[in-house]
Amino acid sequence: MTGIITKLALAGALALSPAALAQDYDLVLNNGRVIDPETGLDAIRHVGIRDDEIAIISETPLEGARTIDATGRIVAPGFIDLHGHGQNTPSGRMQALDGVTTTLELESGVLPVSDFYARAAEEGRPINYGAAASWAHARIAAVMDVEPDADTYWFFRYIGDPRWQTELADDQRLSAILRHINTGLEEGGLGVGILLGYAPGISRGEYHAVNALAAARDVPTFTHARFLSAIEPQSSYEGFQEMVAVAASTGAHMHISHLNSISLSDIDRIAEMIEGAQANGVNITVEAYPYGAGATGIGAAMFRGDNWRDRMGGIEYSDFTVQGVPLDEERFNDLQENAPGTGIVVHFLNPDERPEHQAYLDRSILFPGGAIASDGGPWALGSERLTGDIWPIPEDAHSHPRSAGTYARFLRIYARERGVIDWPEAVAKASFYPARILSDAVPQMRRKGRLQPGMDADIVVFDPETVADRATFERPAQASVGFDYVIVNGTVLVDGGELDTSVLPGRPVRGTVASGAE
(Lines give C-alpha, C1' and ligand atoms only; values in the text may rest on other atoms or scores of the structure.)
Protein backbone atom coordinates (compact mmCIF):
# COMPACT_ATOMS: atom_id res chain seq x y z
CA MET A 1 0.00 0.00 0.00
CA THR A 2 2.83 2.33 0.90
CA GLY A 3 4.45 1.65 -2.46
CA ILE A 4 1.27 2.59 -4.32
CA ILE A 5 0.95 5.84 -2.38
CA THR A 6 4.58 6.67 -3.09
CA LYS A 7 4.08 6.05 -6.80
CA LEU A 8 0.97 8.23 -6.87
CA ALA A 9 2.77 11.04 -5.07
CA LEU A 10 5.67 10.79 -7.52
CA ALA A 11 3.28 10.86 -10.47
CA GLY A 12 1.65 14.01 -9.04
CA ALA A 13 5.00 15.69 -8.62
CA LEU A 14 5.98 14.86 -12.19
CA ALA A 15 2.65 16.19 -13.46
CA LEU A 16 3.40 19.56 -11.85
CA SER A 17 7.08 19.69 -12.80
CA PRO A 18 8.36 22.54 -15.02
CA ALA A 19 8.98 20.08 -17.85
CA ALA A 20 5.36 19.01 -17.77
CA LEU A 21 4.03 22.55 -17.34
CA ALA A 22 6.12 23.66 -20.29
CA GLN A 23 3.79 21.76 -22.57
CA ASP A 24 0.98 24.10 -21.54
CA TYR A 25 2.56 26.99 -23.50
CA ASP A 26 3.54 27.00 -27.13
CA LEU A 27 5.61 30.14 -26.68
CA VAL A 28 6.96 31.96 -23.64
CA LEU A 29 8.41 35.48 -23.39
CA ASN A 30 10.41 35.74 -20.17
CA ASN A 31 11.96 38.70 -18.35
CA GLY A 32 10.59 41.49 -20.54
CA ARG A 33 9.21 44.86 -19.48
CA VAL A 34 5.56 44.09 -20.10
CA ILE A 35 3.37 47.10 -20.87
CA ASP A 36 -0.41 46.79 -21.00
CA PRO A 37 -1.94 50.23 -21.60
CA GLU A 38 -5.47 49.28 -20.55
CA THR A 39 -4.62 48.05 -17.04
CA GLY A 40 -1.57 50.25 -16.54
CA LEU A 41 0.76 47.28 -16.07
CA ASP A 42 4.40 48.28 -16.56
CA ALA A 43 6.70 45.74 -14.90
CA ILE A 44 9.00 42.81 -15.50
CA ARG A 45 6.70 39.92 -16.26
CA HIS A 46 6.62 36.62 -18.14
CA VAL A 47 4.11 35.90 -20.91
CA GLY A 48 2.77 32.47 -21.81
CA ILE A 49 1.06 31.95 -25.18
CA ARG A 50 -1.13 29.01 -26.07
CA ASP A 51 -2.31 28.63 -29.66
CA ASP A 52 -3.36 32.13 -30.78
CA GLU A 53 -4.09 33.55 -27.33
CA ILE A 54 -2.24 35.01 -24.37
CA ALA A 55 -2.69 32.39 -21.65
CA ILE A 56 -0.94 33.97 -18.68
CA ILE A 57 0.99 37.01 -17.47
CA SER A 58 3.17 35.68 -14.66
CA GLU A 59 5.33 37.23 -11.96
CA THR A 60 7.60 34.19 -12.12
CA PRO A 61 9.42 32.75 -15.16
CA LEU A 62 7.62 30.24 -17.35
CA GLU A 63 8.67 27.41 -19.61
CA GLY A 64 7.18 26.52 -22.95
CA ALA A 65 7.77 24.58 -26.13
CA ARG A 66 9.79 27.63 -27.14
CA THR A 67 11.12 30.18 -24.67
CA ILE A 68 12.43 33.64 -25.62
CA ASP A 69 14.46 35.73 -23.21
CA ALA A 70 13.14 39.30 -23.51
CA THR A 71 15.55 40.84 -20.98
CA GLY A 72 16.07 44.54 -21.71
CA ARG A 73 13.17 44.60 -24.13
CA ILE A 74 9.67 46.05 -24.01
CA VAL A 75 6.93 43.48 -24.56
CA ALA A 76 3.83 45.26 -25.84
CA PRO A 77 0.57 44.67 -27.70
CA GLY A 78 1.06 44.55 -31.46
CA PHE A 79 0.69 47.90 -33.20
CA ILE A 80 -2.58 48.61 -35.02
CA ASP A 81 -2.53 50.83 -38.10
CA LEU A 82 -5.95 52.37 -38.79
CA HIS A 83 -4.77 53.91 -42.04
CA GLY A 84 -2.90 51.38 -44.19
CA HIS A 85 -3.41 51.67 -47.93
CA GLY A 86 -0.78 49.03 -48.71
CA GLN A 87 -3.11 46.06 -48.47
CA ASN A 88 -0.90 43.33 -49.92
CA THR A 89 1.81 40.91 -48.83
CA PRO A 90 4.95 43.01 -49.52
CA SER A 91 3.48 46.04 -47.73
CA GLY A 92 2.40 43.92 -44.77
CA ARG A 93 5.84 42.39 -44.44
CA MET A 94 7.50 45.78 -44.37
CA GLN A 95 4.99 46.96 -41.76
CA ALA A 96 5.63 43.87 -39.63
CA LEU A 97 9.27 44.96 -39.34
CA ASP A 98 7.87 48.25 -38.00
CA GLY A 99 5.96 46.45 -35.22
CA VAL A 100 2.56 46.37 -36.93
CA THR A 101 0.39 43.29 -36.42
CA THR A 102 -2.89 44.69 -37.83
CA THR A 103 -3.29 47.08 -40.76
CA LEU A 104 -6.70 48.42 -41.78
CA GLU A 105 -7.85 50.33 -44.85
CA LEU A 106 -10.32 52.75 -43.26
CA GLU A 107 -9.97 56.28 -44.69
CA SER A 108 -10.43 55.26 -48.31
CA GLY A 109 -12.09 51.89 -47.86
CA VAL A 110 -12.98 49.55 -50.70
CA LEU A 111 -15.92 48.15 -52.64
CA PRO A 112 -16.95 45.44 -53.05
CA VAL A 113 -15.89 44.61 -49.51
CA SER A 114 -16.52 40.89 -49.99
CA ASP A 115 -14.05 40.82 -52.88
CA PHE A 116 -11.41 42.51 -50.76
CA TYR A 117 -11.65 39.88 -48.03
CA ALA A 118 -11.83 37.01 -50.52
CA ARG A 119 -8.70 38.13 -52.38
CA ALA A 120 -6.74 38.64 -49.17
CA ALA A 121 -7.75 35.23 -47.84
CA GLU A 122 -6.79 33.52 -51.08
CA GLU A 123 -3.37 35.17 -51.21
CA GLY A 124 -2.69 35.07 -47.47
CA ARG A 125 -1.43 38.00 -45.42
CA PRO A 126 1.47 38.33 -43.00
CA ILE A 127 -0.51 40.57 -40.63
CA ASN A 128 -4.19 41.06 -39.80
CA TYR A 129 -6.24 43.03 -42.29
CA GLY A 130 -9.60 44.69 -42.84
CA ALA A 131 -11.34 47.54 -44.63
CA ALA A 132 -14.18 50.00 -44.44
CA ALA A 133 -16.84 50.43 -47.09
CA SER A 134 -15.76 53.17 -49.50
CA TRP A 135 -17.92 56.21 -50.08
CA ALA A 136 -15.62 57.31 -52.94
CA HIS A 137 -16.01 53.96 -54.71
CA ALA A 138 -19.77 54.17 -54.19
CA ARG A 139 -19.96 57.70 -55.56
CA ILE A 140 -17.84 56.95 -58.60
CA ALA A 141 -19.96 53.89 -59.32
CA ALA A 142 -23.19 55.88 -59.08
CA VAL A 143 -22.08 58.97 -60.99
CA MET A 144 -19.90 57.31 -63.64
CA ASP A 145 -22.15 54.26 -64.04
CA VAL A 146 -19.31 51.77 -63.52
CA GLU A 147 -18.75 48.74 -61.31
CA PRO A 148 -16.21 49.34 -58.52
CA ASP A 149 -13.15 47.17 -58.04
CA ALA A 150 -11.95 46.13 -54.57
CA ASP A 151 -8.54 47.68 -55.13
CA THR A 152 -7.75 50.49 -52.68
CA TYR A 153 -6.39 52.59 -55.53
CA TRP A 154 -9.24 51.97 -57.97
CA PHE A 155 -10.50 55.53 -57.43
CA PHE A 156 -7.15 56.86 -58.74
CA ARG A 157 -8.39 56.02 -62.23
CA TYR A 158 -10.91 58.82 -61.76
CA ILE A 159 -8.87 61.19 -59.61
CA GLY A 160 -8.71 63.83 -62.35
CA ASP A 161 -12.35 63.56 -63.44
CA PRO A 162 -14.45 66.42 -62.03
CA ARG A 163 -17.77 64.72 -62.66
CA TRP A 164 -17.83 62.48 -59.59
CA GLN A 165 -16.10 65.22 -57.56
CA THR A 166 -18.59 68.00 -58.22
CA GLU A 167 -21.90 66.72 -59.59
CA LEU A 168 -24.60 66.88 -56.92
CA ALA A 169 -26.43 63.68 -56.23
CA ASP A 170 -30.19 63.68 -56.82
CA ASP A 171 -32.37 61.36 -54.77
CA GLN A 172 -31.79 58.45 -57.14
CA ARG A 173 -28.01 58.76 -57.07
CA LEU A 174 -27.90 59.31 -53.33
CA SER A 175 -29.94 56.17 -52.83
CA ALA A 176 -27.50 54.25 -55.02
CA ILE A 177 -24.51 55.57 -53.06
CA LEU A 178 -26.08 54.63 -49.74
CA ARG A 179 -27.07 51.22 -51.07
CA HIS A 180 -23.49 50.48 -52.15
CA ILE A 181 -22.17 51.53 -48.75
CA ASN A 182 -24.76 49.53 -46.85
CA THR A 183 -23.90 46.43 -48.86
CA GLY A 184 -20.25 46.96 -47.96
CA LEU A 185 -21.16 47.05 -44.29
CA GLU A 186 -23.20 43.88 -44.64
CA GLU A 187 -20.13 42.22 -46.18
CA GLY A 188 -17.87 43.04 -43.25
CA GLY A 189 -16.89 46.69 -43.68
CA LEU A 190 -15.45 48.20 -40.50
CA GLY A 191 -17.23 51.51 -41.04
CA VAL A 192 -17.40 54.03 -43.87
CA GLY A 193 -14.32 55.59 -45.45
CA ILE A 194 -15.05 59.09 -46.76
CA LEU A 195 -12.49 60.77 -49.04
CA LEU A 196 -14.34 64.07 -48.86
CA GLY A 197 -11.23 66.09 -49.68
CA TYR A 198 -11.05 64.41 -53.09
CA ALA A 199 -14.57 65.52 -54.00
CA PRO A 200 -15.04 68.82 -52.14
CA GLY A 201 -17.81 69.93 -54.47
CA ILE A 202 -20.38 67.41 -53.25
CA SER A 203 -23.30 68.59 -51.17
CA ARG A 204 -23.28 68.94 -47.41
CA GLY A 205 -26.52 66.98 -47.43
CA GLU A 206 -24.84 63.93 -48.98
CA TYR A 207 -22.06 63.94 -46.40
CA HIS A 208 -24.66 64.23 -43.65
CA ALA A 209 -26.69 61.35 -45.11
CA VAL A 210 -23.66 59.04 -45.26
CA ASN A 211 -22.89 59.74 -41.61
CA ALA A 212 -26.53 59.25 -40.67
CA LEU A 213 -26.40 55.80 -42.29
CA ALA A 214 -23.25 54.97 -40.34
CA ALA A 215 -24.89 56.10 -37.10
CA ALA A 216 -27.92 53.91 -37.83
CA ARG A 217 -25.65 50.91 -38.36
CA ASP A 218 -23.51 51.76 -35.29
CA VAL A 219 -20.27 52.01 -37.24
CA PRO A 220 -17.70 54.83 -37.44
CA THR A 221 -16.90 57.04 -40.38
CA PHE A 222 -13.30 57.85 -41.32
CA THR A 223 -13.07 61.24 -43.00
CA HIS A 224 -10.47 63.06 -45.03
CA ALA A 225 -11.64 66.66 -44.41
CA ARG A 226 -13.27 68.59 -47.24
CA PHE A 227 -10.74 71.44 -47.47
CA LEU A 228 -6.96 71.87 -47.29
CA SER A 229 -6.25 75.56 -46.81
CA ALA A 230 -5.01 78.01 -44.22
CA ILE A 231 -7.11 80.82 -45.76
CA GLU A 232 -10.83 81.46 -45.23
CA PRO A 233 -13.29 80.67 -46.70
CA GLN A 234 -13.09 76.96 -47.50
CA SER A 235 -10.28 76.51 -45.04
CA SER A 236 -9.15 73.44 -43.13
CA TYR A 237 -10.78 74.99 -40.06
CA GLU A 238 -14.10 75.13 -41.90
CA GLY A 239 -13.67 71.49 -42.94
CA PHE A 240 -13.22 70.45 -39.32
CA GLN A 241 -16.23 72.51 -38.28
CA GLU A 242 -18.30 70.51 -40.76
CA MET A 243 -17.12 67.23 -39.28
CA VAL A 244 -17.88 68.37 -35.74
CA ALA A 245 -21.36 69.55 -36.75
CA VAL A 246 -22.20 66.35 -38.62
CA ALA A 247 -20.98 64.16 -35.77
CA ALA A 248 -23.03 66.15 -33.28
CA SER A 249 -26.21 66.13 -35.38
CA THR A 250 -26.14 62.50 -36.53
CA GLY A 251 -24.55 60.88 -33.49
CA ALA A 252 -22.05 59.14 -35.76
CA HIS A 253 -18.62 58.23 -34.42
CA MET A 254 -16.45 60.62 -36.45
CA HIS A 255 -12.84 59.52 -36.86
CA ILE A 256 -10.61 62.21 -38.35
CA SER A 257 -7.89 60.95 -40.66
CA HIS A 258 -4.33 62.35 -40.54
CA LEU A 259 -4.95 65.32 -38.27
CA ASN A 260 -1.38 66.48 -38.93
CA SER A 261 -1.49 66.84 -42.71
CA ILE A 262 -4.98 68.27 -43.10
CA SER A 263 -4.64 70.98 -40.42
CA LEU A 264 -1.57 72.73 -41.87
CA SER A 265 -0.54 75.69 -39.68
CA ASP A 266 -3.99 76.00 -38.10
CA ILE A 267 -3.60 72.94 -35.89
CA ASP A 268 -3.80 74.79 -32.57
CA ARG A 269 -7.25 76.26 -33.28
CA ILE A 270 -8.44 73.00 -34.83
CA ALA A 271 -7.20 70.92 -31.90
CA GLU A 272 -8.97 73.24 -29.46
CA MET A 273 -12.20 72.88 -31.43
CA ILE A 274 -11.98 69.08 -31.40
CA GLU A 275 -11.19 68.98 -27.69
CA GLY A 276 -14.14 71.28 -27.01
CA ALA A 277 -16.46 69.02 -29.01
CA GLN A 278 -15.20 65.94 -27.17
CA ALA A 279 -15.75 67.66 -23.82
CA ASN A 280 -19.35 68.30 -24.86
CA GLY A 281 -20.00 64.67 -25.68
CA VAL A 282 -19.37 64.59 -29.44
CA ASN A 283 -17.86 61.25 -30.45
CA ILE A 284 -14.72 62.31 -32.32
CA THR A 285 -11.38 60.50 -32.50
CA VAL A 286 -8.17 61.36 -34.32
CA GLU A 287 -4.96 59.94 -35.74
CA ALA A 288 -1.66 61.39 -36.99
CA TYR A 289 1.68 60.31 -38.44
CA PRO A 290 5.16 61.68 -37.59
CA TYR A 291 6.17 63.16 -40.95
CA GLY A 292 5.90 66.61 -42.48
CA ALA A 293 5.01 65.24 -45.90
CA GLY A 294 2.02 63.45 -47.35
CA ALA A 295 1.40 61.39 -50.47
CA THR A 296 -1.44 61.13 -52.96
CA GLY A 297 -2.16 61.45 -56.68
CA ILE A 298 -1.09 64.64 -58.44
CA GLY A 299 -4.55 65.11 -59.91
CA ALA A 300 -6.25 65.48 -56.52
CA ALA A 301 -8.78 68.30 -56.28
CA MET A 302 -6.84 69.95 -53.42
CA PHE A 303 -4.09 70.83 -55.92
CA ARG A 304 -6.41 72.61 -58.32
CA GLY A 305 -8.44 75.80 -58.37
CA ASP A 306 -7.60 79.45 -57.71
CA ASN A 307 -4.65 80.24 -55.46
CA TRP A 308 -4.33 76.66 -54.23
CA ARG A 309 -0.60 77.07 -53.53
CA ASP A 310 -1.19 80.19 -51.43
CA ARG A 311 -4.02 78.44 -49.63
CA MET A 312 -1.59 75.67 -48.64
CA GLY A 313 0.77 78.20 -47.08
CA GLY A 314 2.76 79.24 -50.13
CA ILE A 315 3.83 75.75 -51.18
CA GLU A 316 6.25 75.52 -54.12
CA TYR A 317 6.14 73.13 -57.06
CA SER A 318 9.52 71.82 -55.91
CA ASP A 319 7.84 70.69 -52.68
CA PHE A 320 6.25 67.94 -54.81
CA THR A 321 8.36 64.96 -55.75
CA VAL A 322 7.81 61.95 -57.99
CA GLN A 323 9.99 58.98 -57.08
CA GLY A 324 12.19 61.37 -55.12
CA VAL A 325 12.65 63.91 -57.93
CA PRO A 326 11.35 67.47 -57.26
CA LEU A 327 8.96 68.88 -59.83
CA ASP A 328 8.93 72.23 -61.58
CA GLU A 329 5.80 74.02 -62.76
CA GLU A 330 5.94 72.61 -66.28
CA ARG A 331 6.34 69.01 -65.15
CA PHE A 332 3.66 69.44 -62.48
CA ASN A 333 1.11 70.80 -64.95
CA ASP A 334 1.94 68.11 -67.52
CA LEU A 335 1.42 65.27 -65.06
CA GLN A 336 -1.75 66.78 -63.65
CA GLU A 337 -3.21 67.11 -67.12
CA ASN A 338 -2.00 63.87 -68.71
CA ALA A 339 -1.28 61.49 -65.83
CA PRO A 340 -3.41 62.64 -62.86
CA GLY A 341 -3.04 59.31 -61.06
CA THR A 342 0.74 59.74 -60.73
CA GLY A 343 1.80 59.25 -57.13
CA ILE A 344 3.52 62.22 -55.52
CA VAL A 345 4.99 63.09 -52.15
CA VAL A 346 4.14 66.61 -50.99
CA HIS A 347 6.19 68.35 -48.29
CA PHE A 348 3.75 70.61 -46.42
CA LEU A 349 5.86 71.02 -43.24
CA ASN A 350 9.61 71.13 -42.69
CA PRO A 351 10.01 70.09 -39.02
CA ASP A 352 13.77 69.46 -39.35
CA GLU A 353 14.54 73.09 -40.15
CA ARG A 354 11.61 75.09 -38.80
CA PRO A 355 10.80 74.79 -35.07
CA GLU A 356 7.28 76.14 -35.56
CA HIS A 357 6.60 73.32 -38.00
CA GLN A 358 7.79 70.77 -35.44
CA ALA A 359 5.39 72.35 -32.96
CA TYR A 360 2.51 71.95 -35.45
CA LEU A 361 3.40 68.29 -35.90
CA ASP A 362 3.71 67.74 -32.13
CA ARG A 363 0.23 69.14 -31.53
CA SER A 364 -1.22 66.44 -33.78
CA ILE A 365 0.99 63.56 -32.68
CA LEU A 366 0.48 64.24 -28.98
CA PHE A 367 -3.27 64.89 -29.18
CA PRO A 368 -4.76 63.19 -26.07
CA GLY A 369 -6.10 59.76 -26.89
CA GLY A 370 -5.05 60.09 -30.52
CA ALA A 371 -3.71 57.11 -32.45
CA ILE A 372 -0.58 56.84 -34.53
CA ALA A 373 -1.52 55.75 -38.06
CA SER A 374 0.79 55.53 -41.06
CA ASP A 375 -1.28 56.48 -44.13
CA GLY A 376 1.29 54.22 -45.79
CA GLY A 377 0.82 52.78 -49.23
CA PRO A 378 2.03 50.03 -51.54
CA TRP A 379 5.49 49.71 -53.02
CA ALA A 380 6.25 50.15 -56.71
CA LEU A 381 9.05 49.90 -59.23
CA GLY A 382 8.44 52.60 -61.79
CA SER A 383 4.74 52.45 -62.52
CA GLU A 384 4.36 48.79 -61.49
CA ARG A 385 2.99 48.10 -58.04
CA LEU A 386 4.69 45.27 -56.15
CA THR A 387 2.31 42.47 -55.24
CA GLY A 388 2.43 38.76 -54.52
CA ASP A 389 5.04 36.79 -52.62
CA ILE A 390 7.88 39.30 -52.95
CA TRP A 391 10.66 39.71 -50.41
CA PRO A 392 12.85 41.55 -49.90
CA ILE A 393 11.40 44.71 -51.38
CA PRO A 394 13.96 45.98 -53.93
CA GLU A 395 16.17 48.80 -52.67
CA ASP A 396 15.05 51.08 -55.51
CA ALA A 397 11.34 50.55 -54.89
CA HIS A 398 9.47 53.72 -54.02
CA SER A 399 6.76 54.73 -51.61
CA HIS A 400 6.46 57.27 -48.82
CA PRO A 401 8.89 56.41 -45.96
CA ARG A 402 5.88 56.19 -43.64
CA SER A 403 5.10 52.89 -45.40
CA ALA A 404 8.18 51.45 -43.69
CA GLY A 405 9.05 53.52 -40.64
CA THR A 406 6.07 55.26 -39.03
CA TYR A 407 6.06 53.46 -35.68
CA ALA A 408 9.82 53.19 -35.18
CA ARG A 409 10.13 56.88 -36.05
CA PHE A 410 7.46 57.81 -33.54
CA LEU A 411 9.08 55.74 -30.77
CA ARG A 412 12.57 56.96 -31.58
CA ILE A 413 11.80 60.67 -31.75
CA TYR A 414 9.04 61.12 -29.20
CA ALA A 415 9.89 58.52 -26.52
CA ARG A 416 13.64 57.96 -26.64
CA GLU A 417 15.32 61.04 -28.13
CA ARG A 418 13.05 63.88 -27.02
CA GLY A 419 11.35 62.20 -24.08
CA VAL A 420 8.14 64.18 -24.56
CA ILE A 421 6.12 61.01 -24.01
CA ASP A 422 6.80 58.01 -21.78
CA TRP A 423 6.96 54.45 -23.04
CA PRO A 424 3.53 53.34 -21.72
CA GLU A 425 1.80 56.27 -23.44
CA ALA A 426 3.79 55.69 -26.64
CA VAL A 427 2.72 52.04 -26.65
CA ALA A 428 -0.90 53.07 -26.00
CA LYS A 429 -0.94 55.42 -29.00
CA ALA A 430 0.33 52.63 -31.24
CA SER A 431 -1.83 49.79 -29.95
CA PHE A 432 -4.52 50.32 -27.32
CA TYR A 433 -5.91 53.65 -28.52
CA PRO A 434 -6.53 52.44 -32.09
CA ALA A 435 -8.11 49.25 -30.73
CA ARG A 436 -10.31 51.31 -28.40
CA ILE A 437 -11.38 53.57 -31.26
CA LEU A 438 -12.83 50.54 -33.04
CA SER A 439 -13.96 48.45 -30.10
CA ASP A 440 -17.63 49.50 -30.11
CA ALA A 441 -18.19 48.63 -33.76
CA VAL A 442 -15.66 45.82 -34.21
CA PRO A 443 -15.86 43.11 -31.53
CA GLN A 444 -12.56 41.56 -32.62
CA MET A 445 -10.73 44.73 -31.62
CA ARG A 446 -11.71 44.19 -27.99
CA ARG A 447 -9.13 41.39 -27.95
CA LYS A 448 -6.35 43.44 -29.54
CA GLY A 449 -4.18 46.29 -28.32
CA ARG A 450 -4.05 44.70 -24.89
CA LEU A 451 -1.55 42.40 -23.15
CA GLN A 452 -3.75 40.35 -20.83
CA PRO A 453 -4.81 36.71 -20.47
CA GLY A 454 -7.51 35.90 -23.00
CA MET A 455 -6.39 38.53 -25.50
CA ASP A 456 -5.14 37.77 -29.01
CA ALA A 457 -1.45 36.88 -29.13
CA ASP A 458 -0.50 39.85 -31.31
CA ILE A 459 2.69 41.03 -29.60
CA VAL A 460 5.80 43.07 -30.32
CA VAL A 461 9.12 42.75 -28.51
CA PHE A 462 11.41 45.70 -29.14
CA ASP A 463 14.58 47.27 -27.81
CA PRO A 464 13.82 50.79 -26.52
CA GLU A 465 17.51 51.71 -26.87
CA THR A 466 17.84 50.83 -30.56
CA VAL A 467 14.38 50.92 -32.16
CA ALA A 468 14.65 53.28 -35.13
CA ASP A 469 13.37 54.01 -38.60
CA ARG A 470 15.77 53.86 -41.54
CA ALA A 471 13.41 54.80 -44.37
CA THR A 472 14.11 58.19 -45.95
CA PHE A 473 12.42 60.15 -48.72
CA GLU A 474 15.39 59.40 -50.95
CA ARG A 475 15.59 55.69 -49.99
CA PRO A 476 12.24 54.67 -48.50
CA ALA A 477 12.59 50.88 -48.93
CA GLN A 478 14.60 50.39 -45.74
CA ALA A 479 13.01 48.41 -42.94
CA SER A 480 13.00 49.64 -39.34
CA VAL A 481 15.32 48.10 -36.76
CA GLY A 482 14.92 47.21 -33.11
CA PHE A 483 11.84 44.99 -33.38
CA ASP A 484 13.28 41.65 -32.32
CA TYR A 485 10.06 39.66 -32.36
CA VAL A 486 6.67 40.31 -33.91
CA ILE A 487 4.04 37.70 -33.10
CA VAL A 488 0.74 37.53 -35.03
CA ASN A 489 -2.00 35.25 -33.73
CA GLY A 490 0.59 33.31 -31.75
CA THR A 491 2.91 32.78 -34.75
CA VAL A 492 6.38 34.32 -34.72
CA LEU A 493 6.53 36.41 -37.90
CA VAL A 494 9.66 38.44 -37.09
CA ASP A 495 12.18 36.21 -35.37
CA GLY A 496 15.34 37.74 -33.94
CA GLY A 497 14.83 40.78 -36.15
CA GLU A 498 14.46 38.67 -39.31
CA LEU A 499 11.22 38.23 -41.24
CA ASP A 500 9.99 34.65 -41.63
CA THR A 501 8.58 34.53 -45.17
CA SER A 502 7.34 30.95 -44.74
CA VAL A 503 4.37 32.02 -42.60
CA LEU A 504 1.31 34.16 -43.36
CA PRO A 505 -0.55 34.29 -40.03
CA GLY A 506 -2.69 37.36 -40.72
CA ARG A 507 -6.45 37.02 -40.29
CA PRO A 508 -9.42 39.14 -41.38
CA VAL A 509 -10.96 41.72 -39.07
CA ARG A 510 -14.66 42.31 -39.77
CA GLY A 511 -17.30 44.61 -38.36
CA THR A 512 -20.38 44.01 -36.22
CA VAL A 513 -22.87 44.36 -39.06
CA ALA A 514 -21.43 41.32 -40.83
CA SER A 515 -20.60 39.25 -37.76
CA GLY A 516 -23.77 39.93 -35.81
CA ALA A 517 -21.66 40.07 -32.64
CA GLU A 518 -22.39 42.48 -29.85
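How many bridges join strand β11 to β12? Three bridges link β11 (residues 254–256) with β12, and the two strands run parallel. Before going further, a word on the model itself: it is predicted, so local features need pLDDT of at least 70 and side-chain atom pairs count only at pLDDT 80 or more, while totals for chains, interfaces and linings use all residues. Residues are numbered from 1 along each chain as its sequence is written, and side-chain values use heavy atoms, with hydrogens and water left out.

Helices (H or I, at least four residues) and strands (E, at least two) are DSSP runs, numbered from the N terminus, and two strands pair if DSSP finds at least two bridges between them. Let us stay with β12 for a moment. Strand β12 (residues 284–288) is mostly covered, with five of its five residues buried; buried means under 20% relative accessible area, exposed over 50%, and partly exposed in between, using a 1.4 Å probe and protein chains only. I284, V286 and A288 point one way from the strand, T285 and E287 point the other way, and all are buried.

Another set of strands forms an open sheet. Its four strands come in the order β13-β16-β14-β15, with antiparallel pairing. The edges are β13 (293–297) and β15 (325–326), each of which pairs on one side only. Strand β14 (residues 320–322) meets β15 over two bridges in the antiparallel sense, and P326 in β15 is the bridge partner of T321.

Now to the helices. Two packed helices are described by the angle between their axes and the distance between the axes. For α9 (residues 236–250) and α11 (residues 267–279), the angle is about 10° and the axes are 10 Å apart. The axes are lines fitted to C-alpha atoms, for helices over the stretch in contact, and angles run from 0 to 180 degrees between N-to-C directions. On the α9 side, the contact (heavy atoms within 4.5 Å) is made by S236, Y237, F240, Q241 and V244, and on the α11 side by R269, I270, M273, I274 and A277.

Helix α4 (residues 113–123) has V113, F116, Y117 and A120 as its buried residues. Seen down the axis of α4, these fall within an arc of 90°, so they line one face of the helix; the arc is that of the directions from the helix axis to the C-beta atoms. An α-helix has 3.6 residues a turn, so residues three or four places apart point the same way. Among the elements covering the buried residues of α4 are β7 (100–110), β8 (128–134) and α7 (171–186). Just after α4, G124 takes a positive phi of about 85°.

L438, in helix α16 (residues 423–439), is buried at a relative accessible area of 0%. Leaving aside neighbours within four places in sequence, L438 is in contact with L82, L104, L106, P220, F222 and M445. R409 sits in helix α15 (residues 402–417) and counts as buried at 15% relative accessibility. With neighbours within four places again left aside, the contacts of R409 are P290, Y291, Y414 and D469.
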